[in-house]
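Please look over the sequence and the structure shown here before reading on. The briefing that follows takes up the contact between the chains and then some details within each chain.

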Amino acid sequence: MSFIKLNVEIDSVIIGERVKGGIYRPCLETIPSSTIRGAFKNCLGSEINGVGIFLKDTYQIKDFVYSVKDKFLEIAKMPFVAEYLSPKGNSKIKAEIYIVKNDEISSELFKGLEFYLGALKSKGFGKTKVIDIEEVSPCIKQGLLNVRIYEDECDKFNITVLSPIYGYLFYPTNIVNGFYKRALFENSLVKAPEIFLKEETFYDE
Amino acid sequence: MDKEFIAELHDIGKLLDKDSPELQQYDLTGHTFENFDFGKFGIEKPTSLSWWAQYHHTIKDDEDLNTGDSWKDIPQEYRPDLFLLILADHLASSISRALPQLGSAGKSEGVLKLWNRKFYENEKNKGKYWAAFKSEVDLKNIFEIINTVSSPEDFLSQYNEYLILTPEDKSKPRNITSLYTHIELVGKIYRVLKKHCEIKMESLLELKLNGEAVKTIKDAEGGNRTEGNQNIEKGKWQARFVKCYIKYPHSFVRLQDINLLVKRNKLAEDLVAKYKDYVMFNTFDFISLFLPTGMELKAMFKDFLDNGFFIEYIETIADLGILRSNLDIKIIRARKSNRSDIIKVLNSRNTRVYRKILLPERLDKVVPPICDICQINPAKERMKENIKEWICDKCYEVRECGESFKYPGEWQEHKIVWFKFNLNTENLESWLQKAFEEYIDSLNINNAQTLKHEFRSLACQSDFVKDYKYMIEAFWDKANDLAKKPISNYDELGVFLYSGENVKKIIETFLEVYNEYFPDCEGDYSSPISLSLSISNVKYPIREHFRFFESPDGFLNIRNQNIFHSSYDKKAIEWLINNLQSKSLHFLYKLASIYEKTKSDISVIVEIMDNRKSQQDISDLYFKINIPPEKILNFYRITEVENELHKT
């Protein structure tokens with residue numbers, strides 16, 4: 001199985017952990033398939049399956065204080081603090097996005113593409129630029145998953161679940177609605193292309 | 001006459017000082033009494049079932065329990081207990097009993113703890129002594145105990161102070177486990193085997209485990225080796241060691257949500273009480289189990305799953321002859337490095353290691369809102385202090401149950417420090433292996449390499465965990481006035497009002513108790529024990545403190561919200577506490593700024609060399625402990641500088 005690997009650079013990004021309540025919103029350190037799906041649907045208008053991994057040591061976590069205004073009542077709401085990933089040093093955040101290659105999706109589609117990932121785009125977060133494109137055909141190995149992915153998309157990524165850790169990722173059905181869909185989370189034991197693994201393991205199956 | 005068979009009594013003779021002048025006339029040898037001449041000395045021979053445990057060293061592994069010569073003195077009805085006791089004794093030993101002669105490393109009087117080598121010497125200086133029995137009266141008392149003790153707990157509690165000082169085996173290097181832990185584990189494993197073993201007593205005695213009948217110890221265990229060509233026969237009986245990590249997906253929204261830890265501790269307590277013989281040892285979030293092959297884990301952890309926890313576990317299934325708590329590490333290492341010699345032996349013995357997760361039922365999809373806390377269950381809208389929250393019934397129940405911790409009024413608007421001790425059981429296994437190897441190297445013995453490979457860490461782990469619990473108890477005895485325990489019966493977690501002095505005192509108290517209990521365990525990145533401190537404003541979300549506590553990088557980890565995050569080893573922190581002086585602050589800022597700009601150690605060294613006369617203490621610190629000036633500065637800022645945090 002082949003994947004299109006996009007090496008991207010990001011200014012700063014917020015990928016929420018779906019904690020909608022409260023006044024503090026932590027940020028994920030991985031790019032789930034739901035975020036990739038949303039980003040490309042917005043930018044290219046097509047359903048694209050992918051997941052992403054931020055490269056360690058290219059980012060740090062910082063806080064962003066955001067005061068929300070209730071536009072209907074014209075009053076200020078309780079401000080909240082959102083964590084975001086900010087570049088470490090003078091460079092940009094680096095990430096790898098892996099797209100499932102098929103007849104309808106070619107590498108050309110992503111050449112020099114600029115798009116937005118994650119939340120608070122209106123505040124300048126999530127601006128992403130594709131720097132380099134490769135095609136990769138990784139080996140299948142047993143290991144601990146390093147990404148978050150809808151459970152029903154595992155087949156598309158050639159992931160076989162051995163021992164899952166389930167959580168939920170938001171799945172929008174239209175611009176205002178959606179539901180939380182069961183997803184495979186980090187550290188699930190799987191057989192998968194090695195690019196999706198945190199570490200290789202050698203357990204009995 | 002016959003009470004319960006108390007396996008814990010099998011090594012009671014190890015508490016007897018045979019060299020005591022009063023006992024010379026009895027000509028005692030070994031640590032068992034099967035050959036003791038009761039008639040000659042006019043002492044009544046014990047008649048209890050437990051008496052037959054004294055024969056545990058006389059039985060030959062390859063002799064049939066019905067017809068074997070070594071079994072002939074044991075009445076048929078007592079043979080199953082003795083048989084199972086021998087298996088349990090082998091499983092609980094720190095070094096395989098089947099190893100060849102060890103050479104002449106000598107004997108030690110008291111236990112040698114790998115992490116506190118002078119433990120026995122220090123206890124002896126306080127007037128304590130390993131032997132519980134030294135006189136003629138004591139000798140008679142041993143037989144009385146064998147006859148009359150009514151429960152394992154009675155024996156363990158009555159002789160605790162001697163059992164913890166006496167080694168499982170006085171000959172080096174087997175002297176690394178306390179007799180207390182050894183007999184405790186033997187007792188547990190014996191009772192698990194007994195519970196699951198089918199015993200048929202007809203004309204011939206038959207013992208079956210999981211449908212497999214055996215006649216000799218060797219039949220049950222198989223060989224004792226995991227590599228090479230000798231002694232690798234397949235055993236008929238297999239069992240499991242299971243390492244269970246208790247985890248939760250919850251992120252704490254409000255302070256009361258830490259009640260989840262109260263719940264976890266209570267559930268763990270209940271499980272340990274209900275399955276006490278299956279539990280080899282446990283910490284607050286880890287349980288080590290010995291189980292027969294057919295026993296379901298899901299039923300054991302049902303209450304955890306019902307309350308939203310999940311259990312990640314590593315399960316090793318092997319013949320009893322090679323089964324040990326750290327076999328999984330050996331198997332995985334062999335597979336990783338493709339050691340076909342080891343893999344072949346393990347496969348031929350049907351040895352398996354699984355990594356699995358027990359999860360509560362999960363819905364395919366959840367229609368919003370989803371619970372803010374567990375992020376798993378559908379939630380209901382709830383209002384508190386004019387803030388809307390979406391919490392599921394279970395998490396709400398946990399939040400509202402019991403007495404919840406509240407910050408004292410005078411802490412409001414101030415900085416506070418949350419701290420948590422952590423015992424990493426994976427690091428502990430690696431550390432014990434390394435420490436054992438160093439100990440072997442320090443002795444002049446044959447078969448050093450074989451011994452290193454055959455080390456069984458279970459008993460040492462259990463001893464270590466006990467000392468860890470004592471250490472944090474001792475910490476709170478000293479730090480009770482300094483900090484508060486948010487959960488009264490949970491010693492790993494604390495919080496206090498920030499001041500440089502308080503931070504310093506807490507760290508000093510930690511170092512004091514650590515050095516008392518673990519003086520020979522290097523406090524570095526590989527240390528099994530760590531302490532993390534998270535400094536923030538009182539309003540800072542509690543979940544973020546816990547996120548920081550999840551993965552401690554080093555021995556002492558300090559995070560100051562939005563300012564820095566540094567880890568220190570013990571050596572560095574001791575140097576910093578003892579040598580850092582206030583006059584150095586400006587120079588430290590200068591060094592940190594140089595390092596920040598240049599990322600160059602050379603530039604920092606040049607600056608220090610240029611100022612070595614006026615900044616002698618910084619120069620010494622930098623060259624002796626070799627940590628970046630930024631880390632020195634960070635430590636200085638949180639422990640020494642008045643109001644420094646508020647400035648930043």
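In which sense, parallel or antiparallel, do strand β10 (residues 114-116) of chain A and β11(A) pair, and over how many bridges? In this predicted model, the two strands pair in the antiparallel sense, and the pairing runs over three bridges.

**Strand pairing around β11 of chain A**

- Within the pairing of β10(A) with β11(A), Glu114(A) is the residue that stands opposite Lys129(A) in β11(A).
- Strand β11 (residues 127-136) of chain A also pairs with strand β1 (residues 3-10) of chain A, again in the antiparallel sense, and here the pairing extends over eight bridges.
- In β11(A), Ile133(A) is the residue that faces Leu6(A) across the pairing, the two standing opposite each other.
- The loop between β10 and β11 of chain A holds Leu120(A), a residue that has a positive phi of about 50 degrees although it is not a glycine.

**Extent and make-up of the contact between chains A and B**

- Chain A contributes 31 residues to the contact and chain B contributes 35 residues, while the area buried between the two chains is about 2,900 Å², with 57% of that area given by carbon and sulfur atoms.
- Of the area that chain A buries against chain B, 23% is supplied by Tyr168(A), Phe202(A) and Asp204(A), which is more than any other three residues supply.
- Between chain A and chain B the count is 11 residue pairs in polar contact, taking pairs in which both residues are at pLDDT 80 or more.
- Sorted by class, the side of chain A that touches chain B consists of 16 nonpolar, six polar and nine charged residues.

**Elements and pairs that join the two chains**

- There are three salt bridges between chain A and chain B, and Asp204(A) forms a salt bridge with Arg335(B) in which the closest N and O atoms are 2.9 Å apart.
- On the side of chain A that touches chain B, β15 (166-172) and β16 (178-184) of chain A each supply at least two residues, and β16(A) gives the most, with five residues.
- β16(A) also pairs in the antiparallel sense with strand β9 (residues 365-366) of chain B, over two bridges, and in this pairing Tyr180(A) stands opposite Val366(B) in β9(B).

**Salt bridges and aromatic pairs over all chains**

- Over all chains the count comes to 56 salt bridges, and one of them is formed by Asp152(A) and Lys181(A), whose closest N and O atoms are 3.0 Å apart.
- Because Asp152(A) lies in the loop between β13 (149-150) and β14 (160-163) of chain A, whereas Lys181(A) lies in strand β16 of chain A, the pair ties together parts that are 29 residues apart in sequence.
- The count of aromatic pairs over all chains is 65, and among them is the edge-to-face pair of Trp115(B) and Phe464(B), which are 5.0 Å apart centre to centre with 70 degrees between the planes.

**Cis peptide bonds in chain B**

- The peptide bond that runs from Lys172(B) to Pro173(B) is cis, with omega near 5 degrees, and Pro173(B) is found in the loop between α5 (160-163) and α6 (179-196) of chain B.
- Pro368(B) and Pro369(B) are likewise joined by a cis peptide bond, with omega about 5 degrees, and Pro369(B) is found in the loop between β9 and β10 (380-384) of chain B.

Technical notes:
Residues are numbered from 1 along each chain as its sequence is written. Chains are lettered from A and ligands numbered from 1 in the order in which they are written. This is a predicted model: local features need pLDDT of at least 70, side-chain atom pairs count only at pLDDT 80 or more; totals for chains, interfaces and linings use all residues. Side-chain values use heavy atoms; hydrogens and water are left out. Contact means heavy atoms within 4.5 Å. Buried area is the accessible area (1.4 Å probe) that two parts lose on being put together, summed over both. A salt bridge is a side-chain nitrogen of Lys or Arg within 4 Å of a carboxyl oxygen of Asp or Glu. A polar contact is a pair of N or O atoms within 3.5 Å; within protein, one must be able to donate a hydrogen and the other to accept it, and residues adjacent in sequence count only if both atoms are side-chain atoms. Helices (H or I, at least four residues) and strands (E, at least two) are DSSP runs, numbered from the N terminus. Ala, Val, Leu, Ile, Met, Phe, Trp, Tyr, Cys and Pro count as nonpolar, Asp, Glu, Lys and Arg as charged, and the others, Gly among them, as polar. Two strands pair if DSSP finds at least two bridges between them. Rings of Phe, Tyr and Trp (its six-membered ring) pair if their centres lie within 6.5 Å; planes under 30 degrees apart count as stacked, over 60 as edge-to-face and the rest as tilted.
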